[in-house]
Amino acid sequence: MIKICGALVMLICFYAFEESSDLVFIQGFLIGLVTYFSEALFSFAMEIPGKKDLNATQSNHVKA
């Protein structure tokens, strides 16, 4: 849901910047961009423990 809000803020601010050329809308675009990608990275990080390809015991046997 937050990812959708971030994308919406990016689209609105991009359109407003094209219409008015005010740099305040670039700040809004960047805030939406950070919100979108931080939520995407968070959801990706939360999916990692559920994957069966990663085995935590394999990393314990690696010699440095």
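This is a predicted model: local features need pLDDT of at least 70, side-chain atom pairs count only at pLDDT 80 or more; totals for chains, interfaces and linings use all residues.
**Exercise 1. The cysteines**

Is C5 buried, partly exposed or exposed?

*Solution.* Step one: C5 has a relative accessible area of 40%. Buried would need a value under 20% and exposed a value over 50%, so C5 is partly exposed. Step two: the relative accessibility of C13 is 12%, which falls under the 20% limit, so C13 is buried. Step three: the number of disulfides in the structure is 0.

**Exercise 2. The overall layout**

Work out which secondary structure elements the chain has, and in what order they come.

*Solution.* Begin by counting: there are 3 helices and 0 strands. Reading from the N terminus gives the order α-α-α. The chain exposes about 5,600 Å², and 69% of that comes from carbon and sulfur atoms. Finally, consider the inside: of the 64 residues in the chain, 9% are buried.

**Exercise 3. Two aromatic pairs**

Find the aromatic pairs and decide whether each one is stacked, tilted or edge-to-face.

*Solution.* The structure contains 2 aromatic pairs. To describe such a pair, you need the distance between the ring centres and the angle between the planes.

- Take F14 and F29: their ring centres are 6.3 Å apart and their planes meet at 50°. Stacked needs an angle under 30 degrees and edge-to-face one over 60, so this pair is tilted.
- Where do these two residues sit? F14 belongs to helix α1 (residues 2-20) and F29 to helix α2 (residues 24-47), so the pair ties together parts 15 residues apart in sequence.
- F14 is partly exposed at 44% relative accessible area, and F29 is partly exposed at 26%.
- The other pair is Y36 and F37, with ring centres 5.3 Å apart and planes at 85°, so they are edge-to-face.
- Y36 has a relative accessible area of 28% and is partly exposed; F37, at 46%, is partly exposed as well.

**Exercise 4. A surface patch and a loop residue**

Which residues make the nonpolar surface patch, and where is S21?

*Solution.* The patch consists of L23, I26 and L30 and covers about 270 Å². One of these residues, I26, lies in helix α2 and is partly exposed, with a relative accessible area of 30%. As for S21, look in the loop between α1 and α2. Its phi is near 55°, which is a positive value in a residue other than glycine. S21 has 54% relative accessibility, which is over 50%, so S21 counts as exposed.

**Exercise 5. Distance along the chain and in space**

How many residues separate K3 and L33 in sequence, and what is their distance in space?

*Solution.* First place K3: this residue is in helix α1 and is partly exposed at 30% relative accessible area. Along the sequence, K3 and L33 are 30 residues apart. In space, their C-alpha atoms are 9.3 Å apart.

Technical notes
Residues are numbered from 1 along each chain as its sequence is written. Side-chain values use heavy atoms; hydrogens and water are left out. Rings of Phe, Tyr and Trp (its six-membered ring) pair if their centres lie within 6.5 Å; planes under 30 degrees apart count as stacked, over 60 as edge-to-face and the rest as tilted. Helices (H or I, at least four residues) and strands (E, at least two) are DSSP runs, numbered from the N terminus. Buried means under 20% relative accessible area, exposed over 50%, partly exposed in between (1.4 Å probe, protein chains only). Patches are made of residues with over 30% relative accessible area and no salt bridge: like charges are joined within 9 Å, nonpolar side chains (Val, Leu, Ile, Met, Phe, Trp, Tyr) within 5 Å. Accessible areas come from the Shrake-Rupley method with a 1.4 Å probe; for residues, only the protein chains shown count as cover. A salt bridge is a side-chain nitrogen of Lys or Arg within 4 Å of a carboxyl oxygen of Asp or Glu. A disulfide is a pair of cysteine sulfur atoms within 2.5 Å.
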